[in-house]
Amino acid sequence: MTPVSAEIADPSLAPAGEERIAWATGQMPVLARIRERFASERPLEGLHVAACLHVTAETANLVRALRAGGAEVALCAANPLSTQDDVAAALVRAEDAEVRARRGEDMDAYVAHVRALLEGSVGRDTITIDDGADLIATAHVRAERRPEEPWSVIGGLEETTAGLLRLRRLHDEGVLRCPVIAVNEARTERALNDRHGTGQSALDGIVRATNMLLAGNTVVIVGYGWAGQGVAERARGAGAAVIVCEVDPLRALEARMAGYEVMPALEAAARGDLFITVTGSRAVLGERHFEVMKDGAVLANAGHFDVELDLGALERLGGERRRAVRPLVEEYRLADGRRLNLLARGRVVNLAAAEGHPAAVMDVSFALQALCVEELVARRGSLEPGVHPVEDRVDREVGRLKLDALGVRIDAPTEAQSDYTRVWA
């Protein structure tokens, strides 16, 4: 029987979800080791964790680890098109977790689910885990509107660039009420999640949605951060000609020195066959770009929110002649007859059109998150409100565990070598 605290699509999907979770578990050995230690030590006893994340089999393994450590977990979906309904059902049945997520839920349902998680956090020591800062930002709005209500969030985690921008603005304005750990900026997170995870999964989603051949086409990457680098590498490896568009001169220089063409987005707009935004910003491709694109150009977002492509401009230009041509492809026919194809409604394509990052990548990401939750509990009261980096020892421990799981051994510095790095003369 589904508890009142769960809002899921179909409880009968639980067996299929348990199978999916078990498959992911086999590819997440680092998180499994942390879960075993948590079960023995119970470092999260009495803690309430509210998480706004993609509801996938990999996330389910994070929930299992946190619960093994003694925490109660409430989960809602960060993206309506990434939710795996069978996983949501399995978490409710097997883990007795509070889950509020349905694939394809509308914005009203999403907002209601975020608010419900916060309602359930009142009066309980809570740590938030965010994918875009919606949960903790809403907690701050709630606190302003209900000053009589005690603040119960002792800390938070954020795993996106866009979310950290929001949190740093909160801190700059002097209103951030708790410490938040920037999981997104850990070295292991950027190297594995952003570069290798997004690099593979974004192209996976695009190919699944379109069945297009990358070889011989021109792929325009808008944004050359860690994720953009990964997408560019794999597009080139698949035989595509790659153009990079950037606003940061250092990133642009990196792209040029890596052998890519670098140019303004408006110039690239006339040349691209496939456009992939990976910026964390808004409207990086808009009306003036759409007006010069080739007939049949494909538009995909691999950043975060569905704002990187100016969907309002696309609607103005061809909304009246919009039609679905494949399950996740909408064709916008412009007044001059050109067709632009939007993937997954502009949502992050690797999750909306595929299964997100491989479990082996999310193993590292969620291991970091589990250890950072433990860190926030252990350091409660000693961390000031603000955005804090992941502790280097935590970052290194996750890297060490991942290497161990891969069967990789490395050298250790000698005492003389260690001394050499510490002496200035």
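What is the order of the strands in the open sheet of eight strands? Select them and read across: E10-E9-E8-E11-E12-E15-E14-E13, with mixed pairing. Two strands pair if DSSP finds at least two bridges between them; helices (H or I, at least four residues) and strands (E, at least two) are DSSP runs, numbered from the N terminus.

Before moving on, note that this is a predicted model, in which local features need pLDDT of at least 70 and side-chain atom pairs count only at pLDDT 80 or more, while totals for chains, interfaces and linings use all residues. Residues are numbered from 1 along each chain as its sequence is written, and side-chain values use heavy atoms, leaving out hydrogens and water.

Pick out strand E10 (261-262) and strand E13 (322-326), the edge strands, each of which pairs on one side only. Next, select E8 (residues 218-222) and E9 (residues 241-245), which pair in the parallel sense over five bridges. Val 220 has Ile 243 in E9 as its bridge partner.

**Stop two: two tyrosines**

Show the side chains of Tyr 224 and Tyr 260. Their ring centres are 5.9 Å apart and the planes stand at 65 degrees, so the pair is edge-to-face. Rings of Phe, Tyr and Trp (its six-membered ring) pair if their centres lie within 6.5 Å; planes under 30 degrees apart count as stacked, over 60 as edge-to-face and the rest as tilted. Tyr 224 sits in the loop between E8 and H9, and Tyr 260 in the loop between helix H10 (249-257) and E10, 36 residues apart. Both are buried, where buried means under 20% relative accessible area, exposed over 50% and partly exposed in between (1.4 Å probe, protein chains only).

**Stop three: Asp 295**

Go to the loop between helix H12 (287-290) and strand E12 (297-301) to find Asp 295, partly exposed at 43% relative accessibility. Arg 339 is 44 residues away in sequence, yet 5.0 Å away C-alpha to C-alpha. A polar atom of the Asp 295 side chain lies 2.8 Å from the backbone nitrogen of Arg 339.

**Last stop: Ala 133**

Finish in the loop between strand E5 (126-130) and helix H6 (134-145), where Ala 133 is found. Its phi is near 70 degrees, a positive value in a residue other than glycine, and Ala 133 is buried, with a relative accessible area of 0%.

Conventions:
A polar contact is a pair of N or O atoms within 3.5 Å; within protein, one must be able to donate a hydrogen and the other to accept it, and residues adjacent in sequence count only if both atoms are side-chain atoms.
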